[in-house]
Amino acid sequence: AGLAAGAGAPPAPGAPALASQSLFTVYVHTPPNITLKPSSPFAGREVAGRVRASWGDHSIVEATRILLRAALADPRNQRFVLLSEADAPLYSAAATYAQLMSEPKSRINACAVPGQDRELKRFTPRMETAGPHGFRKENWRKSSQWWTLNRRAADALGADEAIDASF
């Protein structure tokens, strides 16, 4: 699931809990053949164009990009968080929102740490791209797919075609 902060219209009177808050917009990527039950708090939040995603496959990246592009379509969204179906914030919605909106930088676990395996075995030369901003082996980082992005980083990721195509 994806979560975007900075969005939301005023809640409808008597709306369910998720719909009655205006701090976040939730986007859900379920398999294309799955429709959530009306009783699910996430019903109606499924994004269009879903793909069948398999762990360890590029389809996970494709599903993530579908979620992100759906969230980017709303200009009110300013922070973007990728969550799994098992994640839940530890703090209240208001505290989570305040933290996300006060943090100017994106957070992604993609730092080079001396002496730490960057899983170079997963890199193949066909992943390299040309140009002054091309992707090279020295840029390779293999890390967790969970992240929090600001609008600028999310726009760049959503617009990228060259690096994504190399995978």
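User: Which residues is R65 in contact with, leaving aside its neighbours within four places in sequence?

Analyst: In this predicted model, R65 is in contact with L157, G158, D160, E161 and D164 once its neighbours within four places in sequence are left aside. To count as a contact, heavy atoms must lie within 4.5 Å. R65 itself lies in helix α1.

User: Why is R65 called buried?

Analyst: The relative accessible area of R65 is 7%. The word buried applies under 20%, so R65, at 7%, is buried.

User: What makes the pair of D160 and R65 a salt bridge?

Analyst: The side chains of D160 and R65 meet with a distance of 4.0 Å from N to O. The limit is 4 Å between a side-chain nitrogen of Lys or Arg and a carboxyl oxygen of Asp or Glu, and therefore the pair is counted as a salt bridge. The partners come from distant parts of the chain: D160 is in the loop between α3 (151-159) and α4 (162-165), R65 is in helix α1 (residues 59-72), and they are 95 residues apart. Both D160 and R65 are buried.

User: Why is E161 described as partly exposed?

Analyst: E161 has a relative accessible area of 48%. Buried requires a value under 20% and exposed a value over 50%. The value of E161 lies in between, and therefore E161 is partly exposed.

User: Which residues are linked in a network of salt bridges?

Analyst: The network links R65, R69, D160 and E161. The structure holds 6 salt bridges. Another pair, E103 and R107, meets at 2.8 Å from N to O. That distance is within 4 Å, so E103 and R107 also form a salt bridge. E103 has a relative accessibility of 18%, which is under 20%, and therefore counts as buried.

User: How do you know that the span of α1 is close to the expected one?

Analyst: Helix α1 has 14 residues and reaches 20 Å from its first C-alpha to its last. The expected span, at 1.5 Å a residue, is 20 Å, and the helix is close to it. Among the buried residues of α1 are S59, A63, R65 and L72.

User: Where does S59 lie, and why is it called buried?

Analyst: S59 lies in helix α1. Its relative accessible area is 9%, under the cut-off of 20%, so S59 is buried. Neighbours within four places in sequence aside, S59 is in contact with V51, R52, A53 and S54. The S59 side chain also reaches the backbone nitrogen of S54 at 2.8 Å.

User: Why is the aromatic pair of F24 and Y97 given the type it has?

Analyst: This structure holds 1 aromatic pair. The ring centres of F24 and Y97 are 6.0 Å apart and their planes stand at 80 degrees. Centres within 6.5 Å make a pair, and planes over 60 degrees apart count as edge-to-face; the pair is therefore edge-to-face. F24 belongs to strand β2 (residues 24-27) and Y97 to helix α2 (residues 93-102), so parts 73 residues apart in sequence are tied together.

User: Are F24 and Y97 buried or partly exposed?

Analyst: F24 has a relative accessibility of 9%, under 20%, and therefore counts as buried. Y97 has a relative accessible area of 24%, between the cut-offs of 20% and 50%, so Y97 is partly exposed.

User: Which way do the residues of strand β3 point?

Analyst: From strand β3 (residues 79-82), R79 and V81 point one way and F80 and L82 the other way, and all are buried. In a regular strand the side chains alternate between the two faces of the sheet.

User: What makes β3 and β5 paired strands?

Analyst: Strand β3 is joined to β5 (residues 147-150) by 3 bridges. Pairing needs at least two bridges, so β3 and β5 are paired. The two strands run antiparallel, and the bridge partner of R79 in β5 is N150.

Conventions: Residues are numbered from 1 along each chain as its sequence is written. This is a predicted model: local features need pLDDT of at least 70, side-chain atom pairs count only at pLDDT 80 or more; totals for chains, interfaces and linings use all residues. Side-chain values use heavy atoms; hydrogens and water are left out. Rings of Phe, Tyr and Trp (its six-membered ring) pair if their centres lie within 6.5 Å; planes under 30 degrees apart count as stacked, over 60 as edge-to-face and the rest as tilted. Helices (H or I, at least four residues) and strands (E, at least two) are DSSP runs, numbered from the N terminus. Buried means under 20% relative accessible area, exposed over 50%, partly exposed in between (1.4 Å probe, protein chains only). The expected span of a helix is 1.5 Å times one less than its number of residues. A polar contact is a pair of N or O atoms within 3.5 Å; within protein, one must be able to donate a hydrogen and the other to accept it, and residues adjacent in sequence count only if both atoms are side-chain atoms.
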